[in-house]
Amino acid sequence: MAVSLIEKYRNGCRPTNPRLPIVHIFCFSQASCSEAKCELQKRNMTENGLGHRVLNMDTMNPNVKRVEYAVRGPIVQRAMQIEKELKEGVKKPFTEVIKANIGDAHAMGQKPITFLRQVVALCAYPDLLEDDKFPEDAKNRARRILQACGGGSIGAYSASPGIEIIRQDVAKYIEKRDGGIPSNPDNIYLSTGASDAIVTMLKLLTSGEGKNRTGVMISIPQYPLYSAALAELAAVQVSYYLDEDKCWSLDVGELRRAVKVAREHCNPRALCIINPGNPTGQVQSRQCIEDVIRFAAEEHLFLMADEVYQDNVYAEGCQFHSFKKVLFEMGPEYSSVVELASFHSTSKCFMGECGFRGGYMEVVNMDPEVKLQLTKLVSVRLCPPIPGQALLDLVVNPPQPDEPSYATFIKERTANLDILAEKAKMTEQVLNTVPGIHCNPVQGAMYTFPRLSLPEKAINAAKEKGQAPDMFYCMKLLEETGICLVPGSGFGQRDGTYHFRMTILPATEKLKVVLKKIREFHKRFTEEFS
Amino acid sequence: LPVRYILVCNGCFTFQTNQPLFLISLNSTDHFKPNMTENGFGHRERVLNVDTINPNVKRVEYAVRGPIVQRAMQIEKELKEGVKKPFTEVIKANIGDAHAMGQKPITFFRQVIALCVYPDLLEDDKFPEDAKNRARRILQACGGGSLGAYSASPGIEVIRQDVAKYIEKRDGGIPSNPDNIYLSTGASDAIVTMLKLLTSGEGKTRTGVMISIPQYPLYSAALAELAAVQVSYYLDEDKCWSLDVNELRRAVKAAREHCNPRALCIINPGNPTGQVQSRQCIEDVIRFAAEEHLFLMADEVYQDNVYTEGCQFHSFKKVLFEMGSEYSSVVELASFHSTSKCYMGECGFRGGYMEVINMDPEVKLQLTKLVSVRLCPSIPGQAMLDLVVNPPQPDEPSYATFIKERTANLHILSEKAKMTEQVLNTVPGIHCNPVQGAMYTFPRLTLPEKAINAAKEQAPDMFYCMKLLEETGICLVPGSGFGQRDGTYHFRMTILPGTEKLKIVLEKIGEFHKLFTEEFS
């Protein structure tokens, strides 16, 4: 087993089993190949002036090789190829590729919030401040942001943790959201999308070697940023499973099992939660959050709460509770000790401004010395993009009831969220009418992650191709219908179960067509392989 | 106690392997675990503390935003609160941030960005047609016609094409393939990504990366974070900070004793040293890289910032291809550019790109995969980059204004470069090489023995810069933050303050240096 894996690895194949113990891969790739090969290369070089490349599959960073990111993986590559083919006039059984693989609202036709864009345009080209087409509140916001920029320009660098007044606005937003629990601007770090901040936190947390190497608990299914970052950092992924039968809820018993097993081979130091869930769309109950916090305190784990979908809650009876709020409501026994970083972004919710790469994290109970290290670390990259910081400021400090843009803002915001809620419901309902597809309610976020019953023959056919069965399924779906989804195997799932992730973002009419096509495809697929 | 706990109870210890100092700290938090259930959570250490934090992160240093800058920000606060100082404002000459120092944005660029951000303005007749056309073209290339959509991870396709065309034109027709262009979040992002790909091996096979001393500390910081080995080569201050291939040979030979040197980084025009590399020198470097089997990284973000007569910017790409296929078909090269410097100075947009040459196709797939995890560089930054590489053309309405603004900015920089050199060289004890390019001067300071002793724990030039800040409000970065030959002292100062302000700054530095020298003589 070990030998064949090494061979595969040297040949540039990544191991297909995502649950393969990471440590093993890490060891051999560093120890065995490099030295001999490099010597060889050097000799070749001097002898014939050519030789291998300096940077090749054998010499490159082995951790990078282990990174996988299915959301933009082979299916998406193929989808882009098909789009090109369609443009070149190649005949297909469909006329367009529909990308339901990524939570990209604007790409799917959602319109930007007028006020947000007005202010950013004013900041980009301040001559417009003289233009009476722009409402006064937009101009005031722009002036305020520009005043906080070096030289009054969004072309200047900001302080590395972000523009001071925007950090203050974020803190005020959090206080208001959490019913008055104080938030300190010094604990706010603006970031280039939430991904940036998440990777930074994981980087700080990674240390030790062998059994003492940092382990990080992440849910399965997970958003693959986490597994990718852990692979890159050579930290140990500690998987805990969400309970699909209970609407993807999190059970503390499962956390306990996972941490216990992990302590045998690594040092679990952090627990990551995505709430509302990606790709699974569940919204965590207050009780469950309390249980998780208690667990983190008992097991001495640093909590990372990915809350980028905090406005995306659709199901009746569900409500978003921030980890910060629950932590502080549990009293000082917890709120004075549990270390927490929570993340938010401009990319999701009602605004969907992914392209601006705005985001922030709030750190709670962080060691002051570590905070200095964090500040130093982010300073190397100078600062997050200023247009993204500006947009974030508008998200946390939107028009107020007495301001001229308020009515339009609320109308647009509500419309976007209402449509999403409608589509969440429709997706669940339609998919559940398909025999062989089971779909949990999409309580929140922007995705459905339904379970597929795949015939034995299909599973075998996939194996022959060396593909995960749901990858085989999604690839066939793409080729036959032009619909681009991400196979469940890219997010992790219980062995022997198969899923896909689909966004609920296509416009209502298009979503209907997509769901119908998936239904037909699933029927055909099941027949073909029965 | 389980064995594990005994093992991790050591505090921290250090060991030395050749040059860099590795600090290995073992986890001490587990030590406290067994007590936890007995006495609640009150008396234990944090999960994440300075003993348990990533040791590579601890080794990172970045002087450009280091202690001096922290103190400068504090002083600004104090001034606001009414604290009396011998000056009324802090002047930050620590960082190449043109807009912060009063340089105005290029009108055309900002018009197009505003149009992209708020497309209702496309109906506004105050905007010139060429700006509108550029905006329409960019928006058409965006998902859903919005800057708010993610792009492909290596960047928007038409912008990659525009970058390739720009490079072709710059390099006299040498072809550039859009597939080799990766857009990035400022050049820093791309540089770190390349260094990340290159880092592998352990012990003696650990990747070594050659960087100049003095260097821009992004490099040393990234290498520390990646636990790659820094291989220093020294620029020759006496020959206007030029690069001598023999010094490269010395450095790589010494490095091969303890690591595996695999990459060579060049900054041209130089940061912090302001030299512009000659064509001959670039050829020598390329030959050296080929001989020694090194991956070349050419940081060319100051490519438009060349001031001295007789100096000219030559891209590594161009020289490589002009040396013929013996080199151009084998030498691996990544070169970097950005929207932050040159005549536009749009740092805040974090736009940039790298072009990779002769990269292994399989590695390119890995690179594409790696950048996809971060989804995409900021779209406003990508749009800004597009305008930099595809500016108004002679037949377009915005051309005249664009050229006027561009020329004015570069002209003023060139004037300030000259003035800085001249004034500083009138100060006894300060020696300043010509600022041939980029945005900085890195003069050598003669410091009295007593001052060096008084500095104690601090680097003497840190001591000097801190005192300068406290007494004059001028914020510079000590040479020790960039690296320098032992026993020499420098500071880095940007030439970016407005001309009148720069005059005052230079005057104040001259006075300070005199007083400082007297005080410690």
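This is a predicted model: local features need pLDDT of at least 70, side-chain atom pairs count only at pLDDT 80 or more; totals for chains, interfaces and linings use all residues.
A residue counts as buried when its relative accessible area is under 20%. Leaving out residues up to four places away in sequence, B:H99 touches residues of chain A, including A:G150, A:G151 and A:A156, and residues of chain B, including B:K104, B:R110 and B:E346.

Among the buried ones are B:F108, B:R110, B:Q111 and B:V117.

Now for the nonpolar cores. The largest one has 277 residues, and A:M201 and B:M194 are the residues with the most contacts inside it. With neighbours within four places in sequence set aside, B:M194 is in contact with A:L55 from chain A, and its contacts in chain B include B:F295, B:M297, B:F336 and B:M359. Another core, of 40 residues, lies apart from the largest one; A:A79, A:A100, A:L452 and A:A458 are among its members.

A pair of helices in chain A is worth a look too. The axes of α4 (residues 74-87) and α18 (residues 469-481) come within 10 Å and cross at roughly 10 degrees. Angles under 35 degrees count as roughly parallel, which is why α4(A) is described as roughly parallel to α18(A). On the α4(A) side, the contact is made by A:P74, A:I75, A:R78, A:A79 and A:I82, while α18(A) brings A:M471, A:C474, A:M475, A:L478 and A:E479. Sorted by type, the residues of this contact are eight nonpolar and two charged, with no polar ones.

Back in chain B, B:D189 sits in helix α8 (residues 186-198). Is B:D189 buried or exposed? Its relative accessibility is 17%, so it counts as buried. A polar atom of the B:D189 side chain lies 2.9 Å from the backbone nitrogen of B:T185. Not counting residues up to four places away in sequence, B:D189 touches A:R381 and B:S184.

A cis peptide bond joins A:N275 and A:P276, with omega at about -10 degrees, and A:P276 is in the loop between β5 (267-274) and α11 (286-299) of chain A. In chain B, a cis peptide bond joins B:N271 and B:P272, with omega at about 10 degrees; B:P272 lies in the loop between β7 (260-267) and α11 (279-292). Positive phi values turn up as well. For A:W248, which is not a glycine, phi is near 60 degrees. A:W248 is in the loop between β4 (236-241) and α10 (252-262) of chain A, and its relative accessible area of 4% makes it buried. For B:C240, phi is near 55 degrees, and at 17% relative accessibility this cysteine counts as buried.

How values were computed. Residues are numbered from 1 along each chain as its sequence is written. Chains are lettered from A and ligands numbered from 1 in the order in which they are written. Side-chain values use heavy atoms; hydrogens and water are left out. Axes are lines fitted to C-alpha atoms, for helices over the stretch in contact, and angles run from 0 to 180 degrees between N-to-C directions. Helices (H or I, at least four residues) and strands (E, at least two) are DSSP runs, numbered from the N terminus. Angles under 35 degrees count as roughly parallel, over 145 as roughly antiparallel, 65 to 115 as roughly perpendicular and the rest as oblique. Contact means heavy atoms within 4.5 Å. Ala, Val, Leu, Ile, Met, Phe, Trp, Tyr, Cys and Pro count as nonpolar, Asp, Glu, Lys and Arg as charged, and the others, Gly among them, as polar. A nonpolar core is a set of buried Ala, Val, Leu, Ile, Met, Phe, Trp, Tyr and Cys residues joined through side-chain atoms within 4.5 Å. Buried means under 20% relative accessible area, exposed over 50%, partly exposed in between (1.4 Å probe, protein chains only). A polar contact is a pair of N or O atoms within 3.5 Å; within protein, one must be able to donate a hydrogen and the other to accept it, and residues adjacent in sequence count only if both atoms are side-chain atoms.
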